[in-house]
Amino acid sequence: MPFLDKLQLWADQRPHDTAVVVGSSRLTWAGLRDAAATLIGDAADMTVLAEPNSNRFIERYVAAVAGDRRCAVLDPEWPAPMIDEVASRIVGQGAASDTELVDGDPSTTFLIGLTSGTTSVPKAFTRSRRSWQVSFEASIEFFGLSQDDRTLAPGPLSASLNLYALSECLYAGAAFHTLASFDVGDAHAAISHDGITRLVVAPTMLRLLSERGLAGDVDASGIRSIVCAGSKLDARTLEAARRWAPRASIYEYYGASELSFVSGTRLAAGEPLDAGGTGIGLPFPGVELCILDDAGQALPDGGHGNISVRSGMVSNGYLWGDDGQALRCLDGWYTVGDQGFLENGVLHILGRRSDMIITSGKNVYPHEVELALASVPGIDVAVAAGAPDDIRGQKVIAGVVPSYGAVTATQLRSGLDGLLARDKRPLQYYMLSELPMTDRGKVSRKVLLDWVKNHDPRAQPLG
């Protein structure tokens, strides 16, 4: 079961309380249940949703997972041919026979998730109803979510972070708020007027909301918790969030679409961040965590290897796109190939093995370099990569986008003192006029290397 039996319970117990808000449009618990129930007759065995945020989207999503139905949520911004290709691969021919708004067998698939890959068509994996119920119980415990919370996840529901937040709130009986499309002013208005107590955002969005909120004197004192995922918090983002929402506990966690939650940490109001550090907290509730080498042997504390988990939250695997490395099982332990190490029980994230830079025989992960550079005053964001080098094999280079004005290589080198070991520091810096992105909107180290190789004006060398 994911959340429909719970939805029925909340609709019976609190029919007129707010369940969902999209912009200025609201649905009560009874209203959501009844609207979804009217759609069940039209809901196929397999539903593909690719549309912007709206109450209608949420009603269709709820109906699409009733009984043993399955649902796939695609990004409506994808090119139409890609949406059509993915839909053609997953839409079945059968029709659903059940007509009640109830949860199906816990062991059955209810969600087909899409994750980016090396090909033009995203990889598809499946999640069971049971795996999400286990995830809900773990995240509600870890994040302290209660029924009097009002959660704002202002990003697109096609993103797993926000879709999970919606589903988690439906399971917990807590009001969920989002926007028809992300707008800083609209998000601030929701925080000010809807009594938002909890934010679910990526770090870049948190920085934007915090810095503009401070500039515009937007009151965020009612926010009690902020949940961040997608990348590790940097010192500037944390400092802005602390000033803007001084009473909020800030949660950051590491996970993967195929593994669900892995580890996390809670920073109480005023608690300092390990600036430039790679630590991302203790294992999530219900998760066993270890570091394994490629042969499946456990490594000692401090040993670098595959971050591997055992939990009831792991996905069922891939429908297509699995190259044998995307999700591996090593003697009952699952890994997606992310590299890290354990130190006193705390998980430290290094990054994907494929991103690793080998320079003069030493392993350097771009993630470490980027975290450290993002903590240097005056730096908005940084991208690191390994460029070919005749002497070292590869050399570390980095592109930076300053938060204001200009920055020099000397400032960057001195700013890394105490944050990054000298043999991991970039040998060449570039001022970026924009982030190097793929055509899908993801920051790309390969694109940065192409800019450097081709002397692209968007990457200007710093002396």
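Axes are lines fitted to C-alpha atoms, for helices over the stretch in contact, and angles run from 0 to 180 degrees between N-to-C directions. This is a predicted model, in which local features need pLDDT of at least 70 and side-chain atom pairs count only at pLDDT 80 or more, while totals for chains, interfaces and linings use all residues. Residues are numbered from 1 along each chain as its sequence is written, and side-chain values use heavy atoms, with hydrogens and water left out.

Helices (H or I, at least four residues) and strands (E, at least two) are DSSP runs numbered from the N terminus. The axes of helix 7 (residues 184–193) and helix 8 (residues 203–215) come within 10 Å and cross at roughly 75°. Helix 7 and helix 8 are therefore roughly perpendicular to each other, a label that covers angles of 65 to 115 degrees. In the contact (heavy atoms within 4.5 Å), V184, A187 and H188 of helix 7 meet L208, L209, R212 and G213 of helix 8. By class, this contact has 4 nonpolar, 2 polar and 1 charged residues, where Ala, Val, Leu, Ile, Met, Phe, Trp, Tyr, Cys and Pro count as nonpolar, Asp, Glu, Lys and Arg as charged, and the others, Gly among them, as polar.

An open sheet of 5 strands has the order 3-4-5-6-16 with mixed pairing, two strands being paired if DSSP finds at least two bridges between them. Strand 3 (46–49) and strand 16 (317–320) are at the edges with a single partner strand each, so one side of each is left without a neighbour in the sheet. Direction ignored, neighbouring strands of this sheet are turned by 30° against each other on average. Within the sheet, strand 5 (residues 109–115) and strand 6 (residues 123–128) pair in the antiparallel sense over 6 bridges, and T109 stands opposite S128 in strand 6.

Helix 4 (residues 80–90) packs on the sheet, where it touches strand 3, strand 4 (70–73), strand 5 and strand 16, and its direction makes about 110° with that of strand 16. Helix 5 (residues 129–143) also packs on the sheet, touching strand 5 and strand 6, with its direction at about 75° to that of strand 6.

Strand 24 (residues 393–402) and strand 25 (residues 428–432) pair in the parallel sense over 4 bridges, with I397 opposite Q428 in strand 25.

## Cavity and pocket

On a 1 Å grid over the protein atoms alone, a cavity is a set of points where a 1.4 Å probe fits but cannot get out, and a pocket is an open set with protein on both sides within 12 Å along at least five of seven lines; lining residues have an atom within 4 Å of a point. Grid points are joined across faces, edges and corners, and a volume is the space filled by probe spheres set on the points. A search of the whole structure finds 1 cavity of 30 Å³ or more, and the largest cavity holds about 60 Å³ of space. Its lining divides into 8 nonpolar, no polar and 2 charged residues, and helix 6 (160–172) gives the most to this lining, with 4 residues.

The second largest pocket holds about 280 Å³ of space. Of the 15 residues that line this pocket, E77, P156, A180, S181 and F182 lie nearest its centre.

Technical notes
Angles under 35 degrees count as roughly parallel, over 145 as roughly antiparallel, 65 to 115 as roughly perpendicular and the rest as oblique.
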